[in-house]
Amino acid sequence: MVVRERKGATSEVSEENTRDKILNAAGEVFAEQGFEGATIRAITERAGVNVAAVNYHFRDKAELYTRVVVDACSARAAWRDVIAEAPDSPEERLRSLIYHFLQYLLDPDRAAWKRRLMAREMANPTSALDELVEKSIRPLRNEFLLPTLRELTGGKLNRRQLSLISISVMGQCHYFLQGQPIIERLNPDFKIGRPEIVEIAEHIARFSLAGIAELTRSPRPSSSI
């Protein structure tokens, strides 16, 4: 009985390792070639597994792609870090949100293919982006960013105005991912590492807080949603 249990446990670990190898190899291939260009053959060759192993773990290429995107691009770690810090003031909470969101987007320790895949999916969205938004991005916005903005503005702005501010904040962060090729050409000496992430986060936070303060002082009419 003990031997059978050990074999079962070993088998489960082996299957999990195989699944991880497939996901990593698929991520690299999808990041390089996109969903349409990638083939199961290319993925199995890079992972060192056979087609049967892919079919065992994933229904088809579309399911494999969705799993890779959701796993590689999840922002759950970012909001766990925000919860752990939980600054009391809305200003510091916004700073924490911006920093951890940028860290999620630009983390230099993250495999390069994950950043490339994220940028590719943003530029050419598939149904995988829908799942990523629902499971990862929307909770970050609805549970943390919008309530923080509502507190910062003292309830003076309506939901539409708060949504526009949240788009502005998140858009500034996303530009440093999506716009890296332009940033690097305009500013050849500007490299993005850990110190730069801190610097960028503080810049976006100060810029956003100044804009929010101005909007709160002189609220303009906006349609409600």
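**View 1. About 80 Å³ of space sits in the largest cavity of this predicted model.** On a 1 Å grid over the protein atoms alone, a cavity is a set of points where a 1.4 Å probe fits but cannot get out, and lining residues have an atom within 4 Å of a point. Points are joined across faces, edges and corners, and the volume is the space filled by probe spheres set on them. Counted this way, there is one cavity of 30 Å³ or more.

**View 2. The lining of the largest cavity, up close.** Its residues are L97, I98, F101, L140, R141, L145, V169, M170 and C173.

**View 3. F30 and F35 make a stacked aromatic pair.** For F30 and F35, it's 6.3 Å centre to centre, with 25° between the planes. F30 is buried at 0% relative accessible area, while F35 is partly exposed at 23% (buried is under 20%, exposed over 50%, partly exposed in between; 1.4 Å probe, protein chains only).

**View 4. K61 lies over the face of F35.** The distance to the ring centre is 4.5 Å (the rule: NZ of Lys or CZ of Arg within 6 Å of the ring centre and within 35 degrees of the ring normal). F35 also belongs to one aromatic cluster with F30 and Y65.

**Notes.** Residues are numbered from 1 along each chain as its sequence is written, and side-chain values use heavy atoms, leaving out hydrogens and water. As this is a predicted model, local features need pLDDT of at least 70 and side-chain atom pairs count only at pLDDT 80 or more, whereas totals for chains, interfaces and linings use all residues.

How values were computed
Phe/Tyr/Trp six-rings, centres within 6.5 Å; stacked < 30°, edge-to-face > 60°. 1 Å grid on protein atoms, 1.4 Å probe; cavity = no way out; pocket = protein on both sides within 12 Å on 5 of 7 lines; lining within 4 Å.
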